[in-house]
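The structure comes first, then my entries.

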Amino acid sequence: MTETVVFETHNDIAVIRIDNPPVNALSQSVRQGLLDSVSQLDENDKLTAAVLICSGRTFIAGADISEFGKEPLQPHLPDVLRAIGQCKKPIVAAMHGTVLGGGFETALACDYRVSFPNTKVGLPEVKLGLIPGAFGTQLLPRLAGVKTALDMVTSGRQVLVDSELGQTLVDEVILGSGYDELLEGALNFAQRIAGQTNQRRWLADVVLEKEPDHEAVFAAYKQKMAKKKRGLIAAQHCVQSVENAVVLPFEQGAAEERRLFMECRESSQSQAMRHAFFAERKCAKVDGLDTSASALPVKQVGVIGAGTMGVGIAMCFAQAGMPVTLLEVDQDRVNAGLEKIQSNYERSVARGRITEEQSAAYYGRVRGTCNYDDLADVDLVIEAAFESMEVKNQIFSTLDKVCKPDTIFATNTSYLDIDAIATVTNRQDKVLGMHFFSPAHIMKLLEIVRAEQVSDQTLVTAIDVARKIGKVAVTVGVCYGFVGNRMYARYGAEAQNLLLEGATPELVDAAIREWGMAMGPFEVIDLTGLDIGYKARKHQPNLPDDPTYFALSTVFVEAGRLGQKSGSGFYSYGSGSKQPDQEAINLIRDTATKLGVKQIESDAREIQNRLIGALVDEGRAILKEGIAQQASDIDVIWLNGYGFPRHRGGPMWYGDEAG
């Protein structure tokens with residue numbers, strides 16, 4: 001057939017084998033090979049059925065990403081899948097590994113599907129600002145029902161075959177794990193169905209009937225997408241295309257699916273989301289890093305500090321299977337941290353995210369202590385203590401005395417000078433920053449801060465650890481606030497300038513939420529606490545010589561308005577929910593008067609442009625200084641750590657696109 005598709009025969013059953021490592025992507029060569037194989041199957045009267053199978057670690061895992069953004073090459077996938085569906089002989093898809101996007105659509109186009117139980121299937125196109133474009137929204141509802149199709153297509157989630165839902169997506173589960181076992185099971189299945197006179201034909205032949213609650217179901221999903229995936233065109237198009245499977249004949253529904261797919265593909269949103277996809281892969285390559293350096297083994301981890309961050313960090317490692325020693329200054333704080341971990345896991349069990357057994361296993365990997373000597377044998381220590389240089393120097397000096405010589409020391413500091421912290425140790429080559437984002441066990445971003453004296457081996461180890469605990473790691477340089485928080489400080493300062501000039505917290509927050517940010521700047525600062533930044537600025541030697549710089553935060557903190565923790569900040573929380581607060585407005589206006597700030601009117605567009613413009617401007621300064629190695633790294637940080645809307649691509653991408 002082609003270099004990536006092989007056509008073989010086993011008695012009267014054909015075997016169409018794809019071999020396109022590493023993930024058997026649907027490249028032009030694979031598509032052509034499949035088309036040629038189906039033609040050969042149709043023309044050979046001695047063959048009664050076929051098995052479609054893949055070599056390597058997975059069945060077709062999706063499109064060929066090297067073709068993204070380029071003019072599609074013929075044959076196009078819908079044409080290939082139509083040929084599969086209309087073949088005169090039944091074709092059995094033998095699935096294993098991760099069967100996603102066009103790979104799952106290929107399986108849906110076959111007459112039957114068999115699989116190992118640990119196989120995962122899904123249609124994740126919405127995560128790239130797309131909808132399935134090769135009959136996925138038309139075939140899946142016909143196989144699994146409308147509600148299942150809506151859930152899978154709009155969420156992009158993967159479904160395990162060995163689950164109640166997953167078993168409805170295959171005709172037979174084959175026990176085993178190797179290629180030979182999968183092939184044998186698929187051949188046996190193909191042999192059984194080949195002789196049946198009432199063979200099931202292509203799913204396209206199934207006619208879907210409207211359910212009594214049809215209108216309500218689709219209206220609810222459209223409303224859900226408007227809230228959950230605010231502003232994302234692809235999410236609404238997914239719902240519409242699945243509905244077309246019900247209200248239109250297959251060919252019309254397929255034509256509409258393709259039209260909606262092309263509309264999404266050409267949109268700025270999909271281009272931005274595809275940029276984000278590649279940026280997250282690109283950030284793994286670090287300039288000037290000797291990749292031949294081998295990572296040190298990290299089997300045991302210590303965490304200093306059992307507050308919110310320390311607890312979250314400990315949970316990351318426990319969930320990755322690593323024993324964690326959590327250290328605090330006294331037993332009461334140790335106990336409080338352990339109780340918080342247990343409570344977090346109990347909530348996850350209640351929500352169905354993990355099982356009781358998993359909860360017990362995770363919690364069992366964490367032990368508390370007040371004794372530094374208990375960290376003597378750990379391979380990595382992450383400090384998440386109070387944001388004070390004096391405190392951190394004391395911690396690192398103590399660690400240097402008790403830990404084994406090859407233990408790596410990482411600080412979770414958000415702002416402080418890691419190069420200065422490293423000097424209190426005798427192992428500056430093993431000191432770096434690992435800046436987690438709260439809640440650390442949920443947020444995917446990890447800023448790895450490359451201290452001046454850190455060795456390549458230490459950096460490689462930190463990157464490897466990040467991968468093992470499921471984080472998106474971006475390596476950055478040392479400066480106040482690094483990349484994310486330095487930019488956020490500029491963003492926050494501009495937001496406070498808007499208040500001084502006459503805007504209200506509600507107006508600013510609403511405008512930036514409308515633009516697509518997950519939360520407004522004043523909702524965020526009230527949630528995290530105004531005192532955090534207030535204290536951090538006390539340690540910043542190079543604050544702008546500007547009396548308006550975070551003047552409001554200073555006034556609010558000194559008035560006891562720390563945010564949600566004190567019941568009031570830029571909003572009040574006395575009733576248990578966020579409310580506009582006239583006292584806050586009065587403080588803002590009084591401060592503006594004292595500082596002589598001219599009052600102006602700002603509409604939503606002006607607010608959005610000023611806030612995002614401040615981010616872009618600071619990002620460009622960071623690039624110029626070499627703190628970030630490339631613009632896309634900054635985008636990855638903001639997409640994964642600060643709720644920047646993915647369909648905007650990140651601040652640097654958006655800045656370039658918007659001019």
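Which residue lies over the face of Phe277? I looked it up in the model, which is predicted. I found Arg281 there, 3.6 Å from the ring centre. I then noted a second case: Arg648 lies over the face of Trp515, at 4.4 Å from the ring centre.

Next I turned to rings paired with rings. I listed 19 aromatic pairs in the structure. I took Phe396 and Phe409 as one of them: their ring centres are 6.0 Å apart and their planes stand at 80°. Planes over 60 degrees apart count as edge-to-face, so this pair is edge-to-face. I checked where the two residues sit. Phe396 is in helix α14 (residues 389–402) and Phe409 is in strand β14 (residues 408–411), so the pair, 13 residues apart, links distant parts of the chain.

I went on to Phe556 and Phe570. I found this aromatic pair stacked, with 4.5 Å from centre to centre and 25° between the planes. Phe556 belongs to helix α21 (residues 551–558), while Phe570 is in the loop between α21 and α22 (582–595). The two are 14 residues apart, and their pair also links distant parts of the chain. I noted both Phe556 and Phe570 as buried.

My last entry is a cluster: ring pairs link Phe437, Tyr488, Tyr491, Trp638 and Tyr642.

How values were computed
Residues numbered from 1 in each chain as written. Predicted model: local features only at pLDDT ≥ 70, side-chain atom pairs only at ≥ 80, totals over all residues. Heavy atoms only, no water. Phe/Tyr/Trp six-rings, centres within 6.5 Å; stacked < 30°, edge-to-face > 60°. Helix = DSSP H or I, 4+ residues; strand = E, 2+ residues; numbered from the N terminus. Buried < 20%, exposed > 50% of the residue type's maximum accessible area, 1.4 Å probe, protein only. Lys NZ or Arg CZ within 6 Å of the ring centre and 35° of its normal.
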